[in-house]
Structures are given as structure tokens and as C-alpha cells.
Amino acid sequence: MTDAIVETKGIEVRFPLPTHFLAREKPVLHALNGVDIAIQPGESFCVVGESGCGKTTLGRTIMGLQSPTAGEIYFNGQRIDQMDEAARKPIRRDMQMVFQNPYASLNPRRNVFETLAEPIRHLMPEKTGPEVRAQVEEVLAATGCDPSWQRKLPHEFSGGQRQRIAIARALVTNPAFIVADEPISALDVSIQAQILNLLDDLQAERGLTYLFITHDLSVVEHFGTRVAVMYLGRVMELAETDTLFSAPKHPYTRLLLDAIPKIEGGSFDNPREPGELPDPVNMPPGCPFAPRCPMAEARCRTERPELRTLDNGTQAACHFAE
Amino acid sequence: MAMLEIKDLHVAFPKGKKSEVEALRGVNLTLEKGERLGVVGESGAGKSMLAFAILNLIAEPGRVSQGSIAFHGENLLELSERDIRSIRGNRISMIFQDPMVTLNPVLSIGTQMVETLKAHRRISDAEARKLCIAKLKEVAIPSAESRLDAYPHELSGGLRQRVVIAIALLTDPELIIADEPTTALDVTIQAEIMALILKLCRDKDVALILITHDLGVVAEVTERIMIMYAGLCVETGATQQIIQAPHHPYSAGLLKALPQFAGRGTRLYQIPGSMPPITALPPGCAYHPRCERATDMCKAQIPPLEHGCACFHPLDQTEAAS
């Protein structure tokens with residue numbers, strides 16, 4: 001698949017941890033352990049997993065906010081992970097990010113116009129003043145923001161309004177690809193629907209491609225075209241959304257689906273054993289999920305299953321998936 | 001006589017020198033022994049305020065300005081600080097959102113548990129330790145004996161919350177108030193914790209007030225539900241009944257906005273706008289500016305709570321069921 005808009009090949013990210021100066025081995029946290037994904041244009045590619053699974057690191061690495069320790073990242077066929085800042089600048093126009101917490105991601109001392117004009121001035125220096133203003137107004141209208149907001153500061157807005165402004169900031173350079181990292185999880189239920197609809201509309205109007213990072217499977221089911229389920233820095237299962245929900249192949253995916261509270265009730269009636277994530281510093285040699293897996297056998301603790309394609313097109317990293 | 005009976009509860013905060021704003025504007029609630037109630041609402045609806053008021057924990061300068069809270073017929077608001085302490089943390093326990101904040105980071109789990117017990121019971125250290133181990137086992141903490149000497153940072157988030165629950169259970173309370181107990185946790189851990197709380201409440205006939213914004217969790221765990229909006233209860237009744245056929249337009253809107261209910265590729269139902277802050281409530285029904293059924297009457301009068309629904313134009317049986 002060479003027509004992917006974003007492609008990662010075996011990316012790894014390791015964070016060195018603070019060490020005692022006499023220690024022989026330097027402990028390293030494995031945040032990403034060889035992730036291969038290819039996002040096609042127009043997709044809403046979702047990444048789900050629990051905290052610490054590396055989903056945010058994956059988004060940040062693709063955006064160039066974190067350099068990979070190994071592996072390759074391609075954007076429209078062009079390798080971007082080793083580019084210097086100057087070469088990367090034109091690409092930054094085309095890929096932007098929306099962060100989780102709009103209370104933290106907007107500069108509190110900068111009014112909305114300044115917040116939105118900054119990316120244009122920085123990434124599109126050829127634009128004149130009136131062009132910048134026109135572009136800011138266009139994107140405000142497209143994201144359902146009132147033009148009168150331009151002179152206001154972030155504290156004057158509610159959470160939902162702030163997230164609209166953050167989305168407007170991401171769109172102001174007319175990108176083709178957006179990484180949205182938990183864009184609705186800091187918002188109230190009635191506001192979540194507004195923002196999800198906005199993202200849907202913008203995708204239809206502007207032909208955007210999303211990498212949507214979330215922990216919420218019900219949002220994935222509604223929003224995603226394909227889903228990657230991550231666990232401890234690895235993709236455990238990658239499938240079309242419908243397939244993942246109707247025929248989950250990896251036991252971890254099944255555990256996640258089983259954990260969603262159901263509106264009809266009844267799924268919390270039986271006690272569940274405490275599940276523990278293995279230490280990401282001293283990773284066990286076998287399958288990272290083996291300690292929690294109901295199907296685990298001796299083989300799972302020694303031999304790590306590779307991600308392989310099954311008959312129905314799903315990719316799963318499990319010895320027993322079929 | 002109901003175990004807990006709250007009548008016309010108002011909580012007010014001063015605004016400027018002379019005026020006050022109300023965070024709770026007349027809430028009524030009864031709870032029988034062993035009953036599980038879910039309090040649902042968006043941030044700022046007053047759900048946590050309700051919990052704090054029950055335990056006499058409203059921080060200055062806020063105050064309960066009107067109403068009564070009767071626990072077994074005794075008005076908690078009239079008790080001395082000494083007397084309320086014999087109820088708070090003893091007959092009524094509380095579980096808060098973030099276990100890392102609830103637990104004292106510099107004391108071992110055992111110290112904190114023994115301290116709680118000794119505050120309410122005359123008990124020797126050895127007996128207290130024995131009881132603590134029993135409670136840790138009850139919440140399924142593996143190797144409970146050794147965990148007693150562990151510090152909170154040595155435990156995972158899920159185990160920490162189990163410890164908090166064990167502490168809440170130490171004094172065999174009749175009522176547990178849980179304020180967003182799983183919001184800081186991952187979905188699989190949330191499922192474990194909620195299943196545990198549900199089991200403990202059922203086994204010991206403990207009543208539960210579960211405060212959450214998550215309708216799915218409420219549906220799984222509670223028998224009765226109270227939906228709050230801008231300091232008032234707008235709808236209350238049997239959980240499954242309301243979830244299947246809500247009568248208040250706000251409850252109906254909240255449910256319809258959930259991604260679970262919308263097919264893929266369809267737009268989510270969205271409630272326009274956001275909840276007004278308590279300092280700027282509109283006259284009449286606080287929901288009317290967002291409500292598609294609002295009439296002039298809604299702008300002038302606050303609808304009373306009748307048949308479990310505070311609305312002049314509730315959805316009728318057929319509308320509610322759809």
C-alpha cells in the first residue's frame with residue numbers, strides 16, 4: 001500500500017529512565033515497540049487502549065513531537081522522521097493536532113485571533129495580513145465559532161467552545177491530516193456529541209484524514225473506519241471497525257469490549273479479578289498480555305506472537321487467533 | 001421511615017457582599033436501606049455538592065441555606081461537629097474520584113486503615129490489623145498481608161481504589177457515597193471496581209449513592225436514578241425505566257447523544273449550547289434555552305417535580321419510548 005497518507009514502519013520509542021550512577025544497566029521504558037500502521041486518505045483511523053499503552057506517544061511521534069528511537073515514518077510517501085526542522089516546516093501545514101484538554105492547550109494570555117493567526121504566520125509566511133484575517137474568519141465559521149470571539153481570551157469560553165477553538169487552530173493551515181488525541185474526553189456528555197459531529201462535518205467538507213486516539217470504544221464504534229487496539233506499546237489487533245466489534249479476535253480486545261458498561265445493565269454482575277499491567281521497564285519475553293489472558297499457555301510466556309493477517313482480514317497478535 | 005431523607009435542600013455561596021448564588025436549588029431525595037441510587041449530571045449540575053452536603057462537608061463560604069437531611073430521622077444539619085463525626089466515615093462512608101489524592105502518600109496502607117478504625121472503634125492494634133487484612137481480602141487484593149505495609153505509590157491505580165473501598169467498608173457503613181469512583185481509571189479497571197462495589201453493596205445490603213456522568217455505569221449498578229441539571233433534580237425514577245423511556249427533554253437528549261445509540265456514519269443527536277453557570281441562570285426552567293419544546297411558560301416559571309419529572313412539556317409515552 002503506497003497510497004497511504006501516513007505510514008509507520010516498525011517505530012520504536014524508548015524513554016531512558018533516571019539511573020543510579022553506579023548502576024550497570026540503564027533502565028529503559030519501552031513506550032512503542034515496533035508499530036506498523038498505514039492510514040489511507042479519508043479514513044478515521046482510531047487507536048484505542050488503556051493508559052500507558054503508547055497511543056498518545058504514537059500520535060506525538062507521527063507529528064514529530066517525539067523522535068522515534070527506531071523505525072520509519074512516511075507522510076504522502078515522503079520519509080519525515082529524520083527531517084530537520086526547516087525541511088519539515090512545509091509538512092507541518094499538512095498535519096496538525098488537537099489535544100485532549102482545551103484548558104491546557106490554549107495559551108491563556110493570547111486571544112483567539114492571535115492563537116489562530118500564529119500557525120499561518122509561522123507555516124505560511126507568504127500570507128499577507130488581510131489574507132491571514134480572511135483565513136482565520138473562514139475557519140472560525142467552519143468550526144461553528146462566532147466571529148466576535150476573535151478578541152476574547154480562552155477563560156471567557158466553556159470547555160466545548162475552547163475545544164472548537166483548538167480544532168479551528170488545527171485547521172487554519174488547511175491540513176490534510178489531523179491527529180486528535182482524546183479530543184472529547186475532557187468534555188461533558190452533551191458537549192461530546194457536538195464535537196464529534198463537528199469533526200464528522202469537517203471531514204466531509206474538507207476531506208480530512210483523522211488519527212483518532214481514544215480510550216472509549218463506543219466512540220470508536222460510532223466514529224472509526226478502522227481501529228488499532230494497542231497494549232504496552234504494541235498493536236494487538238487491527239481491523240475494520242465493524243469487524244472488530246462483531247468478531248473481535250484478540251483476547252485483549254474481548255476484555256476491552258466486555259468492560260464497556262451496557263445501557264441494558266447486567267455485565268457487572270460477576271466479580272472480576274484485578275488485572276495488572278506488566279512493568280513496561282522489564283517487559284516479559286512472551287506476549288505482553290499473557291499475565292492477564294484467560295487463554296494463555298506456556299508458549300505465550302516465552303514466544304511473542306507477531307501481528308498476522310487472519311482469514312477475515314483482521315490482523316491480530318495472538319497465537320490462538322483464527 | 002426512610003434511611004435517608006433530604007427535603008428542599010439549598011446550598012448557597014456568597015456572591016459579592018450582599019447577594020448569594022445557589023448551587024443546589026431545592027433537592028428532595030429519599031433512600032431506603034440497601035438501595036442503590038445513581039446521581040447523574042454534567043459538571044456544575046450540583047451532584048458533588050449534594051454528596052458534600054449530606055456529609056456536612058460544604059466548604060466555607062458555602063452553606064446549606066435551607067432544607068433538612070434526615071438520617072434515620074435525625075437531622076444531620078443540626079448535629080454538632082463531634083456528633084457528625086460519629087456518622088461520617090462510620091455509618092456513612094465516602095469514596096472519592098482519585099485514589100492517589102484520597103490516600104495519604106506518606107503513610108502505609110495499614111497505618112491509614114488502622115487510623116480509620118481507631119477513630120470510630122475501641123480496638124487493639126493487633127485486632128485492627130486483623131480486620132484490615134480481612135477487608136483487603138474482601139476487595140480481592142492479592143497477598144493482602146504484605147500489602148498492609150505498602151505505600152500508595154507502590155500500588156497500581158486499580159489496587160489503590162480497592163484500598164479506598166476497603167477503608168470505606170472498615171466500619172461496616174449503611175450508606176456509601178461514591179463520587180465518580182472510576183473516572184480516573186481505565187475501562188477494564190472501571191469494570192472491575194464497579195463490579196466489586198455492586199457485589200459488596202448487594203452482599204451486605206449497603207445503600208449506595210453513585211455520583212457519575214456516565215449513564216452506562218449507572219445503568220449497570222443502580223436501581224434508581226436522579227438526573228440533575230443546574231442545581232435541581234429534573235427527572236428521577238427506576239433506572240431502566242428512565243433509560244428506556246425518559247420523559248424530561250434533557251434526559252432524553254443526554255441518552256440520544258450517546259454514540260452507542262447512533263448508527264455508524266449517522267449524525268449524533270446534539271443538545272445545543274451548554275449548561276449555564278449557576279451565576280447566570282436564566283429565569284424559569286434552567287434548561288429552556290437549550291430545549292426544543294420550550295414555550296413562554298418555561299421562560300417564566302420553574303416547573304415543579306411531578307411524577308418524577310420536572311417539565312411542563314414532558315415527552316409522552318410513545319415519544320419517550322422511541
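**Where the chains meet**

Chain A puts 44 residues in contact with 50 residues of chain B, contact meaning heavy atoms within 4.5 Å. This is a predicted model, where local features need pLDDT of at least 70 and side-chain atom pairs count only at pLDDT 80 or more, while totals for chains, interfaces and linings use all residues. Residues are numbered from 1 along each chain as its sequence is written, chains are lettered from A and ligands numbered from 1 in the order written, and side-chain values use heavy atoms, leaving out hydrogens and water.

Together the two chains bury about 3,700 Å², 55% of it on carbon and sulfur atoms; buried area is the accessible area (1.4 Å probe) lost by two parts on being put together, summed over both. On chain A's side, A:His222, A:Ile263 and A:Phe268 lose the most area to chain B, together 21% of what that side buries.

The interface has 2 salt bridges (a side-chain nitrogen of Lys or Arg within 4 Å of a carboxyl oxygen of Asp or Glu). A:Asp269 forms a salt bridge with B:Arg202, with the closest N and O atoms 3.3 Å apart. H7(A) gives the most to the side of chain A that touches chain B, namely 9 residues; helices here are DSSP runs (H or I, at least four residues), as are strands (E, at least two), numbered from the N terminus.

Now for the pocket. Lining the second largest pocket are 19 residues, with B:Gly89, B:Met94, B:Phe96, B:Thr116 and B:Ile167 nearest its centre. A pocket is an open set of points on a 1 Å grid over the protein atoms alone, where a 1.4 Å probe fits, with protein on both sides within 12 Å along at least five of seven lines; lining residues have an atom within 4 Å of a point. H4(B) gives the most to this lining, with 5 residues.
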